[in-house]
Amino acid sequence: MSCPYNSYSESLRKRFGSSVFRIGIDAGFSCPNRCKSPDGSGCSYCDSMGAKAAYLRTSESSFSHSSGFVSDIDSVSQNQRECELYSFTLDKESIKAQVERGVEFVRRRYKTDRFSAYLQSFSNTFAPIEKLGELYDYVLSLRHWEQLIISTRPDCLDEKILDLISSYKKDGLGVCLELGLQSGDDEILKSMRRGHDVQCLIDSANKVKDHGIELCLHILTGYPGEGKTQLDKTIDVINRIHPDSLKIHNLNIVSGTHLYEEFLDGEVTAPCMTRHIENVIYILRRIPSDVVIERLMCETPSHRLASPRLFADKNRFLRTLETEMEKRGAVQGDLTSERS
């Protein structure tokens, strides 16, 4: 059957003529939200790895997909990195080693030689403009890339940074910024300890688009307090911004986070796969069909994941989702008229 949503893999093949894989890079950034937190923990769901690619977690190489949950792998107090804006230091040796390791891993697994540089961990614009330029130039010098993808926060951008990032749109290089919306409801954002409101995200997203930079939004579904009203607010923001692409994550409760402490106290639970599939279908049917769907679920390493423990792996989840959409005759964007 044809895919009922605008899949990222297919969009890459149409754009580049073949598959393209991301090489995740932890450049050593921290996060302004962590700087504001007395314990350096930042968002309630974020652990000390800050979305670091699995193949770069060398300190956890003894764990596998079948590993059980390890409750004491880290704690909130370990989440603090050097946190001042001017503390960022470019470690060329580390970045080069990460790229080489990532390229080797992806090349061996997928038999490809087409890659995008993905500055993934924490807030990758949280440094003075001169240091950012030095970092981006160095990353791009390491090999031929199809894209430069930079993940950051909406409160961590200004005109000078956007001008710098926009300047890399040459010689066929794709340039994309990833911003965390997470929720279109300010009360949910406050509960998440996001440190910004919805309007901050909207303003930053519009500036990204004004600079001609591709935009990917991240959202997180299933957070405590989220019902259809809150989900509709998130969909409204997505449609208002109309990003180039979207990542949808289900709530994961991870060791070493504030959310995990609340989980231990019995205050929160993570939605099961059935509920997440319902949320995903609800969202997909109500957003424009041309928005590329880059991700539909979280893939937290098993040894860090307290809940949900029985969630399917990515392949089974996608098969189940696509089968369910086909049964319902549902495709991305088929209910957008409801929101016009």
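On a 1 Å grid over the protein atoms alone, a pocket is an open set of points with protein on both sides within 12 Å along at least five of seven lines, while a cavity is a set where a 1.4 Å probe fits but cannot get out; lining residues have an atom within 4 Å of a point. Points are joined across faces, edges and corners, and a volume is the space filled by probe spheres set on the points.

This is a predicted model, where local features need pLDDT of at least 70, side-chain atom pairs count only at pLDDT 80 or more, and totals for chains, interfaces and linings use all residues. Residues are numbered from 1 along each chain as its sequence is written, and side-chain values use heavy atoms, with hydrogens and water left out.

Now for the pocket itself. The second largest pocket holds about 190 Å³ of space. Its lining includes Leu140, Arg143, His144, Trp145 and Glu146, and also Tyr168, Lys170, Asp171, Gly172 and Leu173. That lining splits into 4 nonpolar, 2 polar and 4 charged residues, counting Ala, Val, Leu, Ile, Met, Phe, Trp, Tyr, Cys and Pro as nonpolar, Asp, Glu, Lys and Arg as charged, and the others, Gly among them, as polar.

On to the fold. The protein chain has 11 helices and 9 strands; these are DSSP runs numbered from the N terminus (helices H or I, at least four residues; strands E, at least two). Of its 340 residues, 57% count as buried, meaning under 20% relative accessible area, with exposed over 50% and partly exposed in between (1.4 Å probe, protein chains only).

Two of the helices are set out here, with the expected span taken as 1.5 Å times one less than the number of residues.

| Helix | Residues | End-to-end C-alpha span | Expected span |
|---|---|---|---|
| H11 | 15 residues | 21 Å | 21 Å |

H11 buries Phe317, Leu318, Leu321, Glu322 and Met325. They sit on the same side of H11 because they cover an arc of only 125° around the axis, judged by the directions from the helix axis to the C-beta atoms. Asn315, Arg319 and Lys327 are exposed on the other side of H11. Just past the end of H11, Gly329 has a positive phi of about 65°.

The buried residues of H11 pack against helix H10 (273-284), contact being heavy atoms within 4.5 Å. H10 is mostly covered, with 9 of its 12 residues buried, among them Met273, His276, Asn279 and Tyr282. Besides H11, the cover over H10's buried residues includes strands S5 (214-221), S6 (245-250) and S8 (292-295), and helix H8 (228-241).
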